[in-house]
Structure formats: structure tokens, C-alpha cells
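Have a look at the fold first, then read on.

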Amino acid sequence: MNPEDMQRARQMVNVEATQPLGSPTSLRRTLAGNLLDKRTQFRRTRSLNAPSPFQQFGPCGRIMKNSAMVMQIQDPASQRLTWYKPPLTVLVIKKKDSQVLLPFVQLVEWLVQEKHMVVWVESAVLEDKLLRDDVKLENESAKFRQVHGDYCGVRERFLALREKLVTFKDGRDDLTDRIDFIVCLGGDGTLLYASQLFQQSVPPVMAFYLGSLGFLTPFQCDNFQEQVTNVLEGHAALTLRSRLRCSIHRKGERRKESLQPAGSSLLKPSHHRYLNYIELNNGASSGANNNYCNPHMSSNNSILVLNEVVINRGPSPYLSNIDIFLDGKYITSVQGDGLIVSTPTGSTAYAAAAGASMIHPSVPAILVTPICPHSLSFRPIVVPAGVELRISISPDSRNTSRVSFDGRNDQELNHGDSLRVTTSIYPVPSICSQDQISDWFDSLAEGLHWNVRKRQKCLDELSDLTASGSEDTLDEFDNLKIYDASGSSLDT
């Protein structure tokens, strides 16, 4: 409805009801009122695909209900955190940096003493030499002895809390359904690490900026007490960051259903990592073709990634030759250095460096970006979330490829192997400092300096134009004479 129709409708509604019921004027007023009600009702959409959550098109058409629906698209503005019971356990993840020790100890101390919460930390934290008092300083460097002395007060506060902490070891302990809330202290890598720990449902994640980039960490540690309290009381917006479910199918293995629900017939990730750990320590071969070469994934399991999965040519001097299939249909082949399949969250990471567009994390999509393609017309593409991508080495490719998941778990992809990628049903609920829009654009401006340049001066600031008046300039133009090649003047 355009502004003129809206104004006309308001005028009809405001007319006094002087006409009898059922008259043309009354009927027009009723229709105008219904039109305004509908305009107000659909002013804020609750779906990204239709003007209402009931996807009906006209009096007869609508979308068929599908019981196998992978994900439900929700209006991002309506994504708010709520607790159906008070959170009791919190996982605190910190990066390996001495500058994080003081805010880490302050946060843990406050959570234990003030909030009476059960705090989980990685077992490696207890092995940090700066937090231990039994380190033989005579065997350490002079610089370490100085730093160790500077953190004497922090160390004493931590040792008083050490017995109250619950520890876990990555790859050995399963955190599923044990953690209510996650706090990350560091850079973007801490959020990626938290995503890796939970290969199914992820608790809400609150990330504090203590790193070098901080694109995914919107909170500051200055007043963490107030900010954490607001989150624990349920006053926070959420950004549901979608993840990709990736699985490698080796040549000769029986193909499994690519879209089967995670956890239906698969081993739990922590259990599978434990079996792989045993296999490695029992003398299993560590060749390139060994399926047990990485502790987080095997051919019988899948892995969830938050940023991207990268297929590259590795150390080979030849171009990669990779075939791409979308829902079983051949799309194209990549001849170049490789391919990036990323989430909207990963669109500002490796994909952005390779020339892809930056996409808001609430947009349901999968990005396919070539790495240095040997074709001028191969541009990055965006496909709908929920489709299945199958990536394999072309039969006539001169070399194999390497594949990595969020920069980890590097494996070799041989001829006949295939990598299957689709959207996971388990996103990462990232807590917003302000809201979904403000946090993302603030990160673009502060982290990447997006669209930052020196502003052009306005005309009033140009001294050469303000020094002379416009009338004098026109008079000089009127008196201007043009001379031809012979030297005679031509009137303008």
C-alpha cells in the first residue's frame, strides 16, 4: 500500500458514522479499517520467506508441509534467550595468554562465590605454570621467573578456587547435556573451540573480547558482572549461527544416508575420539590413507564446523580439479587452488579474503567460494541452507586434495572419495551485546574497517570556491573570447 492509499484509508476510518449500517460509506469505512488492520499485522514480518508464518499464497496455494524439514526459519528480531530453569553449570574457556589470567580468575571467582554456580574448565588450565606454585623456577628462563612473580596475587586467588572447579579433557570427556552456559575469554578462536566441543546441541555462548580480532566476541570485560547477570536473568538477544555438517565417504564404502539425524546411528563424537585415541596408541598406521588419522572425525562419523570447510591442493604443484554436485546434480568443476564451503559466519573469514560477499549470520545460506580459480568468470555463489553439497576429486585430476575443518583435522581426499556438506540442525546460539544488526555492523567497522575512507569535503569547505563569488565567475565567463588557429577571435 502506497502512502496515498494509507492516508485515504485513515480518512475513511475517521469519518463520523453518520450513514446507516450497510450503506456504501459504512462499507468503505469497514473495508478501510480491515485494510489498516492487515497493514499493521504484517508490518513486522515473522518469517524470512513469506509475509506471515502461515505460508499461504492466495486463496488456494500454500507450501506443502514436509516432515523431513531440516530447519525452521525464524525472524531474527524475535530470537531472545529464555531459561526454562535457572542455569547451574557454566563452562569457561580461555585462550592461552597470560593477559587473560586476571579476568579469568576474576570471572571464575565471581561465578563461584557470588552466583554459586558449578564452573567447568579445561584440564590444561590447571597445568598452566603461571597458576601453579610447585614450578621449579630454577629450570625456567629469567623472563618466565619475572612473569611468574608478577602473577603471584592472581595465582593465590586461583589456588583458593582450584578444588571447587570441575575439569574436562578434550577428546576424552563428553560434555553433552552437562553444560548450561558457556563463557569465552579471548578471540574468535575460543568460540570456534567451543563449537568444536559440542557436536550436537550447543549451550548459549557469551564471548568476551580479549584477543586480536574479536569479530565474534562482542562483550567487553570492564563490567562483566552486570553483563553476565543480565544474561542469566534472560535479558539478551541471540544470533543463531548455523553450522555445516561434514562427512567424508571413502572409496568402496557403502554410502550412508547423508541427511540422517545426527546421533541416530552415529557414535557420539567424544566416544569416537576416544576409540581413535586407543587405535593410535595401539600402533595403528599413520599413513595418509588411514581413516583414524584425526581425533575428531572418521569415515563413519561427521563433524560440525562453524566457519568453513576448505579443500585445497596442498603441497602439489598442480591445479586442483574438483567436481561439485548439488543435491546429486552436477554443477561445475573447480580448477584452481581449491574451494571454500562456508557458513554466513565464515563469510567474513577465509571466504572474504577469497572475494566472497559478507553475509549476516542470520541468513540461511551456504557459500561456495573458489580459491584462485583459473577462470575469470567463476564468481562465488550462495546456495540455500539445507541442500547437500557433494565434493569429489575429478577422475582426470593430476593430484589428490587436502581438506580441513575450521582450520583443523587436515585429511587427504583421494580419487573416489567424496565430501558431503549440508546445514546442521544444531546452530551455535551466540549471545548479542546489543542486537543482531548492531553487533554485526560494529564488528565490520571495528574489526575489518569496512567501508572506511577519508570523507570528501563539502563545497563550503573548499577555499578556492569560497574565495570568489559566483557572480564574478559568471561575469568572467561572459567576457571570455575564444581564438581560432589564425588568431582571430570568436564570440562565445
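Two strands are taken to pair if DSSP finds at least two bridges between them. Strands (E, at least two residues) and helices (H or I, at least four) are DSSP runs, numbered from the N terminus. This is a predicted model, in which local features need pLDDT of at least 70 and side-chain atom pairs count only at pLDDT 80 or more, while totals for chains, interfaces and linings use all residues. Residues are numbered from 1 along each chain as its sequence is written, and side-chain values use heavy atoms, with hydrogens and water left out.

**Parallel pairing**

- Strand 3 (residues 89-94) runs parallel to strand 4 (residues 118-122), and three bridges join them.
- Leu91 has Trp120 of strand 4 as its bridge partner.
- Strand 4 also pairs with strand 5 (residues 166-168), again in the parallel sense and over three bridges.
- There, Trp120 has Val166 of strand 5 as its bridge partner.

- Six strands form an open sheet in the order 16-15-14-11-18-19, with antiparallel pairing.
- Strand 16 (381-384) and strand 19 (408-413) are at the edges with a single partner strand each, so one side of each has no neighbour in the sheet.
- Ser342 is opposite Leu367 of strand 15.
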